[in-house]
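This briefing is intended for a reader meeting the structure for the first time. Please view the sequence and the model below before turning to the notes that follow.

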Amino acid sequence: MTGFIARIGARTILFLEEVGRVTYFSTRILAAIFHRPPRIRRFLDEVFGIGVMSLIIICVCGLAVGAVLGLQGYHTLERFGATDSLGTVVGLSLIRELGPVMTALLTTGRAGSATTAEIGSMAATEQLDGLRMMSIDPIHYVVTPKALAMVAVMPLLSGLFIVCGIAGGYLVGVYWGVDPGSFLTGLESAVEFRDDVVGSFLKALIFGILIGLISTYRGYTSAPTSEGVSEATTATVVEASVCILVFDYFITALWGV
Amino acid sequence: MVGAITHAHPQSKISVTAPATTPVPSSQHLELDSVTMAFGQRRVFDELSCSFPPGRISVLLGGSGSGKSTILRLIGGLVCPLSGRVLVDGEDITGLGPTRMAAVRDKLGMLFQGGALLDSLTVLENLALPLREHTDLDDAAIGAEVHDRLASVGLYDIDDLLPNQLSGGMRKRVALARAIIRKPLILLCDEPFSGLDPISTRQVESLLVDINHRRGITIVVVSHHVASTMRMAEQVTILLPHRVVTGTPQALQHHRDPLVKAFLSADLDPPQDAEKLEEVEVMPGRARP
C-alpha cells in the first residue's frame, strides 16, 4: 500500500515538474515575441510551410467531411421530412465543431509532427547549440516563429476547411434533391456571426496555441538521438490530439461555442 | 607548472608534477578549476582541473566517454558544472545570465563535430547569419566578409549550396569559416577530423595551424586523431581514468605512464602484422567519379 502511494506521489511530482517546464517554455516564447530583431521573414516562411503546404489536404478533407455530413444529414432529415434544413445542419456542425477540430487534428498530423521532427533533428545535430554559440537564442530564432505561425494559420485553415465542407455538403445535398436556395437560406438564417463564426475562429486559435506549444516543446526537449526524435514526434501527435478534444469539450461547455 | 607535466588525481585531489622536456606556458586565459560534471546519475569527471595557454593550439585526448567534448561544452557555457569554476579569458562563466553569457560567447567560436550548419540555409546564409545578427554591416560588406572567410578555408563558388550538398570535408571547412567569421579570441573544435579522409584531415589540420599562426587565436581541439595531434599541438591534455596528464607532444611521447604510452602509440605505431599487407592485391582501374 505504501509503495502504491509512493508511486502515485512520484508520478504526481513528475507531472508537476513537466507542467512547470512547459509553463517556463511558454513564458520564454512569449518573451521572445518582443525581442529584437523581429523574425518576420522566418515567421512568413513558417506560415508558408505550415499554411500553404497544408492547403490541399485541408481542402480535400473539408470537401470529404462536408460531403459525408451532407449525405448522412440528408438521409436522417428525410425521415422527418426536413431536408430543407440540411444547410443549417451542415453549416452549424462544420462551423461550431467539425471545422476547428478536424483542422486541428489534420494540422497536428501534418505540420505539428513535422515541426517536432525538425526542431528535434536540429537538437540532435547540434544546430541549436551552434545557434547558442553564435549568441542567437534558439527560442527566438527557431521556436517562436514556428509557434506563432501555427497560431496565425489555424483560424485561416479552419475557415478554409469550413468553406470546403459546406461546398461538399451543398453538392451532395443538391445532388440528392435538396433545393439549392433552401440550403443556402437555411445556412444564412441559422448561423450567427458573433456566436458561431467568431467562436469558431477563437476555438481554432486556441487549438493553434496548443499545437504550436506542444510541437515546439516536444522537439526542443527531445533526446538528441533518432529514437528520441521519433518518440517526440509520436508524443506530439498523441498529446496534441488528446488536448484538442479535451479542450474542445471545455470550450464548448464553458463558452457555448 | 611551467615546463612540467601535471598529473591531477581528481578523486583523491592529489596533484603530481614531473619534469617535461619542453616548457608549456601557463595562463588563466582558459581554465577549468576543480570542475565536477555529471549527466543525471552518470559522473563524467570529478574535480577536474586543466588550463589552456593563450595563442596556442591545445589538444584534448582521451577515450570515448572521458568527457573531452563536455569540456568544450563547459567552456562554451552549453552545460553547467555541478561544482567548480570555468574561467574564460579570466571570467568565471558558471552561473552567468543569458546577457553576460552572450558577451562571453562573442569571444568564442566553436566548430562542432558534424558542423552544425543550419540545414535550411545556404552556405552564404549560414556564414552571414552571425554577422547579420551582431553587426550593422550591409549586405555587400557581409558578402565580402563571407567570401573572404570561405577563401581562407579554400572554398569558392559554393554560396548557394545547402549543407547537405557538401562533402564531409567541405562541411567541416564551411563550419570552420563560420566559427571564425566574428574573429573570436578562442576557437573550440570538437573532433574536427572525424569522418574525414586523410587528405581532408590534413587540410583541416593545416587550416587550424594557419588560423592560429595568422590570427593568434587560442585553439582547443578535441580529437581521437593522435597523428594530427602530434603534428599540430603545442600542448596536449590526456584525460585518463582518474587523472589528467598535460604536456607538450614531445614530452608526452617520452612519458613513463604506460597508459599514456599506450594511448599515444596506438595510432603512431606501424601495424604489427605488416607482412600481411604484402598479400593485398592491387587491381587496375579507377574509382567512379
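In this predicted model, helix 4 and helix 6 of chain A cross in the right-handed sense. Their axes come within 7 Å and cross at roughly 145 degrees, with helix 4 covering residues 86-124 and helix 6 covering residues 138-175. By class, the contact of these two helices has 19 nonpolar, nine polar and one charged residues. The points below place this pair within chain A and then turn to chain B.

**Chain A as a whole**

- The secondary structure of chain A consists of nine helices and zero strands.
- Read from the N terminus on, the elements of chain A follow the pattern α-α-α-α-α-α-α-α-α.
- Along the principal axes, the C-alpha atoms of chain A fill a box of roughly 65 × 55 × 30 Å.
- Chain A has 257 residues, of which 44% count as buried.
- Of the contacts in chain A between residues at least 6 apart in sequence, 87% join residues at least 24 apart.

**The contact of chain A with chain B**

- Chain A gives ten residues to the contact, and chain B gives 15 residues.
- On the side of chain A that touches chain B, three residues are nonpolar, four are polar and three are charged.

**Chain B and its domains**

- Chain B contains nine helices and twelve strands.
- Buried residues account for 39% of the 289 residues in chain B.
- In chain B, 67% of the contacts with a separation of 6 or more are between residues 24 or more positions apart.
- The domain assignment divides chain B into domain 1, made of residues 4-107 + 186-267, and domain 2, made of residues 118-183.
- Ten residues of domain 1 of chain B are in contact with ten residues of domain 2 of chain B.
- On the domain 1 side of this contact, helix 6 of chain B (residues 198-215) gives the most, with five residues.
- By class, that side of domain 1 of chain B has six nonpolar, three polar and one charged residues.

**The open sheet of chain B**

- Four strands of chain B form an open sheet in the order 4-3-6-7, with antiparallel pairing.
- Strand 4 (42-52) and strand 7 (91-92) of chain B each have a single partner strand at the edges, so one side of each is left without a neighbour in the sheet.
- Strand 3 of chain B (residues 30-39) runs antiparallel to strand 4 of chain B, and seven bridges join them.
- Within this pairing, B:L32 has B:C50 of strand 4 as its bridge partner.
- Helix 1 of chain B (residues 68-75) packs on the sheet and touches strand 3, strand 4 and strand 6 (83-88) of chain B.
- The direction of helix 1 of chain B makes about 115 degrees with that of strand 3 of chain B.

- Strand 9 of chain B (residues 186-190) is mostly covered, as five of its five residues are buried.
- On one side of strand 9 the buried residues are B:I186, B:L188 and B:D190, and on the other they are B:L187 and B:C189.
- Strand 8 of chain B (residues 108-111) runs parallel to strand 9 of chain B and is joined to strand 9 by four bridges.
- The bridge partner of B:M110 in strand 9 is B:L188.
- Strand 10 of chain B (residues 218-222) also runs parallel to strand 9 of chain B, with five bridges between them.
- In strand 10 of chain B, B:L188 has B:V220 as its bridge partner.

**Strand 11 of chain B and its partners**

- Strand 11 of chain B (residues 235-240) is mostly covered, with five of its six residues buried.
- Strand 5 of chain B (residues 57-62) pairs with strand 11 of chain B in the parallel sense over five bridges.
- B:S58 has B:Q235 of strand 11 as its bridge partner.
- Strand 12 of chain B (residues 243-247) runs antiparallel to strand 11 of chain B, and five bridges join them.
- B:L240 stands opposite B:R243, a residue of strand 12 of chain B.
- The hairpin of strand 11 and strand 12 of chain B has two residues between the strands, and B:H242 there takes a positive phi near 70 degrees.

Conventions:
Residues numbered from 1 in each chain as written. Chains lettered and ligands numbered in written order. Predicted model: local features only at pLDDT ≥ 70, side-chain atom pairs only at ≥ 80, totals over all residues. Domains from an automatic or database assignment. Contact = placed C-beta atoms within 7 Å. Nonpolar A, V, L, I, M, F, W, Y, C, P; charged D, E, K, R; others polar. Pairing = 2+ DSSP bridges. Axes fitted to C-alpha atoms, helices over the stretch in contact; angles between N-to-C directions. Left-handed = near helix turned anticlockwise from the far one by under 90°. Buried ≥ 20, exposed ≤ 12 C-beta atoms within 10 Å, placed from the backbone.
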